[in-house]
Each structure stands twice: as C-alpha cells, then as structure tokens.
Amino acid sequence: MNLSNNASKSEQIVKIVKTSLYMLDFIFITTVTLLILKTVRHNSPMKKEIQYFLLCHHLLCCSVFCCFGVVYNTIRAFDAKSPQLIMWIIYGVQIATGEGVLITLTLMALNRCLAVCWPLRYLQLVHSWKHKVIICVWITTMLKSTCLLMIEGIDKNPEDIFKTEPSSLTVLGGVFARSTGIILILFLIIIIIISYCLLCTEGIKAGHFNSSNSKARKTVIIHGLQMSLHLLPPLIVIAVERGSDPTILHLTAFVVFSFAQCLSPVVYGLRNKDLQIKLFNRQRNIDGPYTDHTTNSNAI
C-alpha cells in the first residue's frame, strides 16, 4: 500500500514539474518568437530569406507544442475529469507540433547545406518549394497523429472514449505508434548528419574552417549540439517502454528536451548577427523619442 502511494506521489510530482517547465518554455519561447516575427515581418529582405522563414515556423511549432503541453499536463496534474477523446485530441496536436519542431529543425540544416553546396540552384529551387514543403509538413504531421489515434482507438468501446474520468491514461504508447516515432526521428537524424557532412566538406574545400576562422567551427559545433539535444531525448523516451519505474530516465530526457527548446530562439535567432542588428535598431526606434528628449533636456 505504501509503495503504491509513493508511486502515485512521484507520478504527481513529475506531472507538476512537467507543467511548470512547459509553462516556462511557453512564456520564454513565445516572447522571443513574437519579437523575431515582428522584426522579420517589418524587414522586406529578411522576409525573402529562407532561413528566417524556416526559423519563424520552427519557433511557432515550439510555442504551440509547449502551449498544448501546459494544457495536457495541467489536466493530468490536477486529475481533472475530462473525456478521453478530448485528451487524445490535445495530445495528438501536441505530438504533431512536436514532430513539426524536429522536421523544421531538419529543414533548417538541409537549407544551410543546399545554400553552401549548390548556391547556383539554391534560390530557384528553394524559393519555389518553400511554401509547399511547409504546408506538407503541417498536413503530414496532423494526419499522422490522427491516424495513430484512430488505430489506437479501434480496440476501445465508443462509450469508453467519451467517458468522463480523471485523465491518467497513456496515449500513443502502443508498439506501432512508438515504432513510427523511432523511424521518423532516425530518418531526420540521417538527413541532418548527411547535410552537415556535406556542409563541412564544402567548408573545408573553401577554407572556411581554417585556424583563423574559429567562429565557423564554433557555429557548426553549437548547431550540432542543439540538434542532438532536440532529437536524442525524444528518441530515448519513445524507445524505452514505460515500465515499472522509468520516471528518472523520462524526466531527465524531458528536462534536456525542454532546455533545448528554450535554446532554439537563442541559438538560431538571437545569435544571428543580422537579426541582432535589426532587433536592436527596432528597439532603438521604439525608444528613440524618449532618448532624444532626455538628451535635449540634458543639453539644455
């Protein structure tokens, strides 16, 4: 009896921790995303660049993923009575946007590879396909989650699906759902590795990774580490079946993934020199009248 009580308490603590981390991630990512979106939207040259187009979609996916994570884990943390169908829909949308986070991250790596390795064909190829690719990503991820939820609901009675009860169920924990998740992540990892191998090979040939250019090497290492923190934790969580006591492993992987999401706006957004300058100039223009007024009053 004591063991079951301790297990339920530990599960409750994990749910509260997840809800808190999702909330912190959502606030930080959404704040930075809004700043970057406004900056890109008000700058015509940046709106035409593929890297900022993909960055905005990546950050939107991160923000929506955290938002639905807050909703889903809040309901579970407080044992709120909710129809299983509603929980399935919330979790399905979260999974779809989570896959969108990983896919847009992969597209950013692929875009960088194409820009460096095939610069002559890059603009015509990428600009003609960018909207079609993003639309396909959103549709595919949503359809995948919907199909997996339908497959999981085949064995359940319709009455159980609409039954209102405390939400302690495990969604998409079947073998088929986990297998498709593992295959998708491994496929994205292969694309990223090939893209960065080609990128590094071309960079070495062009002399971009010589001893005097430490910034290029540092950027590749930071981006590689960031992508690893995004892809490996979900792979571990999906691959390891939820057994008797996987709490520490799953919580550790979740914390690492949460940390990686918080770093995305910084690594791909705020570290970008052009974006830094535009953000600074935009903020200076907003604060300009006040600054000028202060300067004039001091001069007088």
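Modeller: Happy to! A search of the whole structure finds 1 salt bridge, meaning a side-chain nitrogen of Lys or Arg within 4 Å of a carboxyl oxygen of Asp or Glu. Please keep in mind that this is a predicted model, where local features need pLDDT of at least 70, side-chain atom pairs count only at pLDDT 80 or more, and totals for chains, interfaces and linings use all residues. Residues are numbered from 1 along each chain as its sequence is written, and side-chain values use heavy atoms, leaving out hydrogens and water.

The partners are Glu99 and Lys144, whose closest N and O atoms are 2.6 Å apart. Where do Glu99 and Lys144 sit in the chain? Glu99 belongs to helix α4 (residues 84–117) and Lys144 to helix α5 (residues 119–152), so the pair, 45 residues apart, links distant parts of the chain. Helices here are DSSP runs (H or I, at least four residues), numbered from the N terminus.

For another buried residue, look at Thr33 in helix α1 (residues 2–41), with a relative accessible area of 4%. Leaving aside neighbours within four places in sequence, Thr33 is in contact (heavy atoms within 4.5 Å) with Leu59 and Leu60.

Methods
Helices (H or I, at least four residues) and strands (E, at least two) are DSSP runs, numbered from the N terminus. Buried means under 20% relative accessible area, exposed over 50%, partly exposed in between (1.4 Å probe, protein chains only).
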